[in-house]
Amino acid sequence: MAISTPFYTRLAHVLISIICLVYIAIIGQTLLAPLIFAMLFSLLLLPFAGFLEYRFHFPRALSSMVSLITLICAIAAIFVLLGSQLTALAQDWPAFKQQVLDTTIDLQKWIEVTFHVDSQEQMNYLNDSASKAVNTGTTLLGHTILSVSSILLLLLFTFLYTFFLLLHRRLLLRFIVSVFDQEHSVIVYDIVSQIQYIVKKYIFGLFLQMLLVTGLSCIAFWLLGVKYGLLLGLITGILNLIPYIGILTALLLASLITFATAGTSQLIFVATAIVAIHLVDSNYIMPKIVGSKVKINTLVALIGLVVGEMIWGITGMFLSIPVIAIFKVIFDRVNGLNPWGILLGEEDIEPRSKPAIKEVIEDETNQGHIPQV
């Protein structure tokens, strides 16, 4: 005899489960963040490791190590290219500083004429602000050192976890399957294969999207004659990996550097170019390359970004979309969790489509669930 659980009881179970998961994520960030990154990287490298094993008969440990070294080299190449551009910017720092000073003087004159605040009062305000900044300088430096060390530790543990996940992948798969009853083995294998497919395609799509946005940005900045165009293009492409927020950050940084090196006239063209590239990316590149792999609606994606930032900061923003995609795969294939999969998914709405409730009723009627009146 099936026992019907009241709605408020089910709701309480869901809320308690969500609270427990968030609390575990907060206190377990040191372990879970690199482990999730490692899982994503291992799923991405799994075809390459399998190719080395079956084509060249590499041992499991050697194929895992070669795959990991390939990943490290790719990430290092990006950092080296970005570092070389930052070095060029550092060499031009005196000219950059002089341009900022000239711009500041012009801005002071405009404030004095417009708001009738003389330069001495402005300087007093700036000196007070500088004094407060100096007082907190030690704290900021300490936070910066901790942030750099945290990033290095995150990378170190991520690479270690990636290697061991690739090395023991069959053991982990057998464990996951054995946790559930044998009658659910087919569903478990299907979920694992779908997660592997979606994560692999999603990460590859993000990488291809980053290359396209970087290329378009570099071409646009080169045509506009912007100094440090390659650096700004790299920054735009990398920050664009963070949906919605990354492009705004890239626009701000590009505007500041362009304003300091070229002035107001070129700033307008740079801002226009970045907005145009973002429109092309959001309306064509993202739906065709990335959106076709992960069917998540924009509302859930935005909420996921905010929640990820609240829990893990920038790391959570990077991980929010693939984690939501993994949950959607699980929800779609587990009885009782299907409504959550519907909530996370997209809905294709045509320009002249019928109201949603009418479409649902007609679908149910055509399937024989609702008798025609």
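User: Is Asp190 buried, partly exposed or exposed, and with what relative accessible area?

Analyst: The model is a predicted one, and the answer should be read with that in mind. Buried would require a relative accessible area under 20% and exposed one over 50%. Asp190 lies between these limits and is therefore partly exposed, with a relative accessible area of 30%.

User: Which residue forms a salt bridge with Asp190, and how many residues apart are the two?

Analyst: The partner of Asp190 is Arg333, and the closest N and O atoms of this salt bridge are 2.8 Å apart. The pair links distant parts of the chain, since Asp190 belongs to helix H8 whereas Arg333 belongs to helix H13 (residues 314–333). Arg333 counts as partly exposed, because its relative accessibility is 26%. The residue asked for is thus Arg333, and the separation from Asp190 is 143 residues.

User: Which helix holds both Asp332 and Lys328?

Analyst: Asp332 and Lys328 form a salt bridge in which the closest N and O atoms are 2.7 Å apart. Their accessibilities fall into separate classes, as Lys328 is buried at a relative accessible area of 15%, while Asp332 counts as partly exposed at 32%. The two residues are 4 apart, about one turn of the helix, and the helix that holds both is H13.

User: Which residues are linked with Glu53 in a network of salt bridges?

Analyst: Glu53 forms a salt bridge with Arg60, with the closest N and O atoms 2.8 Å apart. Glu53 counts as buried because its relative accessibility is 11%. The residues linked with Glu53 in the network are Arg60 and Arg169.

User: How are H3 and H9 oriented to each other, and what is the handedness of their crossing?

Analyst: The axes of helix H3 (residues 60–91) and helix H9 (residues 229–239) come within 9 Å and cross at roughly 135°. An angle over 145 degrees would count as roughly antiparallel and one of 65 to 115 as roughly perpendicular, so H3 and H9 are oblique to each other. The handedness of their crossing is left-handed.

User: Which helix gives the largest share of the nonpolar patch on the surface?

Analyst: The patch has about 1100 Å² of accessible area together, and its residues include Phe7, Leu11, Trp340 and Leu343. Two elements give two or more residues to the patch, helix H1 (7–27) and helix H14 (338–344). Leu11, placed in helix H1, is partly exposed, with a relative accessible area of 38%. The largest share, 9 residues, comes from H1.

Terms used
Residues are numbered from 1 along each chain as its sequence is written. This is a predicted model: local features need pLDDT of at least 70, side-chain atom pairs count only at pLDDT 80 or more; totals for chains, interfaces and linings use all residues. Side-chain values use heavy atoms; hydrogens and water are left out. Patches are made of residues with over 30% relative accessible area and no salt bridge: like charges are joined within 9 Å, nonpolar side chains (Val, Leu, Ile, Met, Phe, Trp, Tyr) within 5 Å. Accessible areas come from the Shrake-Rupley method with a 1.4 Å probe; for residues, only the protein chains shown count as cover. A salt bridge is a side-chain nitrogen of Lys or Arg within 4 Å of a carboxyl oxygen of Asp or Glu. Buried means under 20% relative accessible area, exposed over 50%, partly exposed in between (1.4 Å probe, protein chains only). Axes are lines fitted to C-alpha atoms, for helices over the stretch in contact, and angles run from 0 to 180 degrees between N-to-C directions. Angles under 35 degrees count as roughly parallel, over 145 as roughly antiparallel, 65 to 115 as roughly perpendicular and the rest as oblique. A crossing is left-handed if the near helix is turned anticlockwise from the far one by less than a right angle, and right-handed if clockwise.
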